[in-house]
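Subject: Structure handover

Hello,

Please find the structure below, followed by notes on what was found in it.

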2 protein chains.
Amino acid sequence: MADGVAAEATVLAAHQGLYDAIEAGDLDLMRSLWLPGEATVCVPFGGEPVRGTAAVLRAWAVIMANTGYIQFILTDVAVSRSADGGGTAVVSCTENVLSEASPAADSFIGGRAVASSVLVRTAGGWRFWTHHSSPVGTSEDDDR
Amino acid sequence: MADGVAAEATVLAAHQGLYDAIEAGDLDLMRSLWLPGEATVCVPFGGEPVRGTAAVLRAWAVIMANTGYIQFILTDVAVSRSADGGGTAVVSCTENVLSEASPAADSFIGGRAVASSVLVRTAGGWRFWTHHSSPVGTSEDDDR
């Protein structure tokens, strides 16, 4: 049980790394967090799926290049691990985002998204297999 | 290798079941597709995360009750399985949705969403651990 708590902490540390990488514009950190190869999938900010780590990192590079100040505050974070040894983990959370409205003006905009991510335990630590983020807002007022 | 192809086919059959269940309004089928317990997460149609299978099924029941005719055509379907025995699978796809604009009128609306799902192999077959769907449209024209 203590093992489980410690494992969840390492999952969450890797998960937080993704947001640290975006905030710092640190593509090397971002690269270190993803499984290598073609199996990875990323749906950033409600966009189209990007598949394969090379393409995922190119997408993050474009996002970082087009993003000024950005800060994430994660809430409602929940983690669960696979029953068969716990080598796969799912993390879901709400991303509360504060970002620069315009590089020229001293103004900020807030936003909210929900994210679900799958991480896999490797010899080098937990790595992202998938990350899917989508904005929420007025749609929650719909019937569906 | 042949085993892998057969396993992927069974993953995709379970994955398709979710859409069959929505189309048919079949909550029993939907229930049979999810892992029991509290670890499951569902983000339906760009909404808020719903956690735990009892809550997930209540959310689907509400969606089904508020949905008339609906048809999904899945494109760009990709599946990958975990390296440690293949007991976890990720499926990502584009959901092309045709639904009734209004029960009274004979009109339909189309939409498009992207979905990523995680399924787990159990003694009773592949079961959903997570499902995250988010609409795409004009946002693909953004820089990010």
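**Contact between the chains**

The contact draws 32 residues from chain A and 33 residues from chain B, where two residues are in contact if their C-beta atoms, placed from the backbone, lie within 7 Å. On the side of chain A that touches chain B, the elements giving two or more residues are β1 (41-43), β3 (70-81), β4 (88-100), β5 (108-122) and β6 (125-135) of chain A. Helices (H or I, at least four residues) and strands (E, at least two) are DSSP runs, numbered from the N terminus. Sorted by class, that side of chain A holds 13 nonpolar, 13 polar and six charged residues. Here Ala, Val, Leu, Ile, Met, Phe, Trp, Tyr, Cys and Pro count as nonpolar, Asp, Glu, Lys and Arg as charged, and the others, Gly among them, as polar.

Before you read on, note that this is a predicted model, in which local features need pLDDT of at least 70 and side-chain atom pairs count only at pLDDT 80 or more, while totals for chains, interfaces and linings use all residues. Residues are numbered from 1 along each chain as its sequence is written, and chains are lettered from A and ligands numbered from 1 in the order in which they are written.

**Symmetry**

Chain A is superposed on chain B by a rotation of 180° with 0.0 Å of shift along its axis, at an RMSD of 0.0 Å. This is the relation of a two-fold axis. Within chain A, Ser134(A) has the C-alpha nearest the axis, 3.0 Å from it. Both copies use the same surface, as 100% of the contact residues of chain A recur in chain B.

**Chain A as a whole**

Chain A has three helices and six strands. Read from the N terminus, its elements run α-α-β-β-α-β-β-β-β. The radius of gyration of chain A is 16 Å, close to the 15 Å that the globule rule gives for 144 residues, so chain A is as compact as a globular protein of that length. That radius is taken over C-alpha atoms, and the globule rule is 2.2 Å times the number of residues to the power 0.38. The C-alpha trace of chain A spans about 50 × 35 × 25 Å along its principal axes. Of its 144 residues, 33% count as buried. A residue is buried if 20 or more other C-beta atoms lie within 10 Å of its own, exposed if 12 or fewer, and partly exposed in between, with C-beta atoms placed from the backbone. Among contacts in chain A between residues at least 6 apart in sequence, 48% join residues at least 24 apart.

**The sheets**

In chain A, six strands make an open sheet with mixed pairing, in the order β2-β1-β6-β5-β4-β3. β2 (50-51) and β3 of chain A stand at the edges with a single partner strand each, so one side of each is left without a neighbour in the sheet. Two strands pair if DSSP finds at least two bridges between them. β1(A) and β6(A) run parallel and are joined by three bridges. Val43(A) has His132(A) as its bridge partner in β6(A).

Chain B also has six strands in an open sheet of mixed pairing, ordered β2-β1-β6-β5-β4-β3. Its strand β1 (residues 41-43) pairs with β2(B) in the antiparallel sense over two bridges. There, Cys42(B) has Val50(B) as its bridge partner in β2(B).

**Residues to look at**

Val11(A) is in helix α1 (residues 2-24) of chain A and counts as buried, with 23 C-beta neighbours inside 10 Å. Leaving out residues up to four places away in sequence, Val11(A) touches Val79(A), Ala89(A), Val91(A), Leu119(A) and Trp126(A).

Leu119(A) and Leu119(B) touch the most other members of the largest nonpolar core, which has 55 residues. Such a core is a set of buried Ala, Val, Leu, Ile, Met, Phe, Trp, Tyr and Cys residues joined through C-beta atoms within 7 Å.

Asp76(A), in strand β3 of chain A, has a phi near 55°, a positive value in a residue other than glycine. Most residues other than glycine have a negative phi. Asp76(A) is partly exposed, with 13 other C-beta atoms within 10 Å. For Asp76(B), phi is near 60°, again positive.

Regards

Note on methods. Least-squares fit on C-alpha atoms with pLDDT ≥ 70 in both.
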